[in-house]
Amino acid sequence: MFNTLKGKTVLVTGGSRGIGKSIVKLLTQYGLNVAFTYNHNEDQATELIESLKAENVDIRKYKMNLENEDEIYTAIQRIEADFGGIDYLVNNAGIIRDSYMLLMSSEDWNKVLSTDLTGAFLLTKEVLPMMLAKKNGSIVNISSIAGVIGVGGQTNYCAAKAGLIGLTKALAKEVAGKGIRVNAIAPGYVETDMISDIDIDNNSEYIEKVPLKRVATPDEIASVVLFLLSEGASYITGNTIEVDGGLTN
């Protein structure tokens with residue numbers, strides 16, 4: 001099922017830490033060449049490449065600010081030149097700027113929407129022509145259950161992640177006839193820096209809501225990405241897979 005992935009090129013945004021890092025590590029283990037982006041911490045990106053040298057694949061880092069259209073264009077041109085094209089795309093990068101709506105600044109609203117939603121749109125628009133030329137490809141957008149059920153204090157983040165699900169559904173219909181699949185993953189609580197301020201393992205308020213009584217590991221999200229990119233998911237498109245321990249059931 002995963003053999004056809006070997007030697008293909010995948011672009012993973014926000015790949016230097018958290019869920020993105022786990023995605024990069026898992027995909028290299030299955031023989032994919034990986035281009036991944038980072039915005040701020042080049043040291044983490046370099047360390048990740050060093051740790052994966054034994055995997056015998058081509059892995060490279062690219063600085064990219066998803067709020068900067070010119071920077072997106074330049075990075076994609078470099079990746080195409082370095083790898084000869086992009087076969088798969090994982091829109092993973094995202095930020096949070098939490099606040100109740102009455103206290104939320106326009107700046108925080110715009111920053112989350114421009115990074116988490118508009119950034120995915122701009123990047124996908126640059127990558128799609130490469131997939132269309134081959135009449136093959138798979139795109140996975142990392143949304144969130146916040147975009148499915150809503151979370152108080154996160155109107156900007158919920159709007160962006162719900163928008164990403166809508167983008168997924170619409171784009172899947174647009175490109176299905178061209179051999180390209182588009183799906184989303186909506187993780188629940190995951191052990192990442194994004195929830196580091198919450199002692200979630202010792203907070204019964206959160207754990208009691210999850211039927212599996214724990215949070216996910218980043219590796220558990222990465223494994224779903226691997227499946228959706230593979231031929232095992234060849235008849236799945238336009239879907240959002242909720243990886244949340246049963247939280248939204």
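I call a residue buried under 20% relative accessible area, exposed over 50%, and partly exposed in between, with a 1.4 Å probe and protein chains only. The model is predicted, so I take local features at pLDDT of at least 70 and side-chain atom pairs at pLDDT 80 or more, while totals for chains, interfaces and linings use all residues. Residues are numbered from 1 along each chain as its sequence is written, and side-chain values use heavy atoms, without hydrogens and water.

**Entry: helix 3**

Helices (H or I, at least four residues) and strands (E, at least two) are DSSP runs, numbered from the N terminus. I looked up helix 3, residues 69-83. Expected span is 1.5 Å times one less than the number of residues. For the 15 residues of helix 3 that should give 21 Å, and the end C-alpha atoms are 21 Å apart, which agrees.

Which residues of helix 3 are buried? I found Ile72, Ala75, Ile76, Ile79 and Phe83. An α-helix has 3.6 residues a turn, so residues three or four places apart point the same way. On the other side of helix 3, Asp70 and Ala81 are exposed.

I then checked the cover, counting contact as heavy atoms within 4.5 Å. Strand 1, strand 2 (33-38), strand 3 (59-63) and helix 4 are among what covers the buried residues of helix 3.

Next, the ends. A polar contact is a pair of N or O atoms within 3.5 Å; within protein, one must be able to donate a hydrogen and the other to accept it, and residues adjacent in sequence count only if both atoms are side-chain atoms. Asparagine 68 caps the N-terminal end of helix 3, with a side-chain oxygen 3.1 Å from the backbone nitrogen of aspartate 70. Just after helix 3, glycine 84 has a positive phi of about 85°.

**Entry: strand 4**

Strands pair if DSSP finds at least two bridges between them. Strand 4 (residues 88-91) has both faces covered: Tyr88 and Val90 are buried on one side, Leu89 and Asn91 on the other. Strand 1 (residues 9-12) runs parallel to strand 4, joined by three bridges. Four bridges join strand 4 to strand 5 (residues 137-142), also in parallel.

What stands opposite leucine 89 in strand 5? I found isoleucine 139 there.

**Entry: serine 144**

Serine 144 sits in the loop between strand 5 and helix 5 (146-149). At 8% relative accessibility, serine 144 counts as buried.
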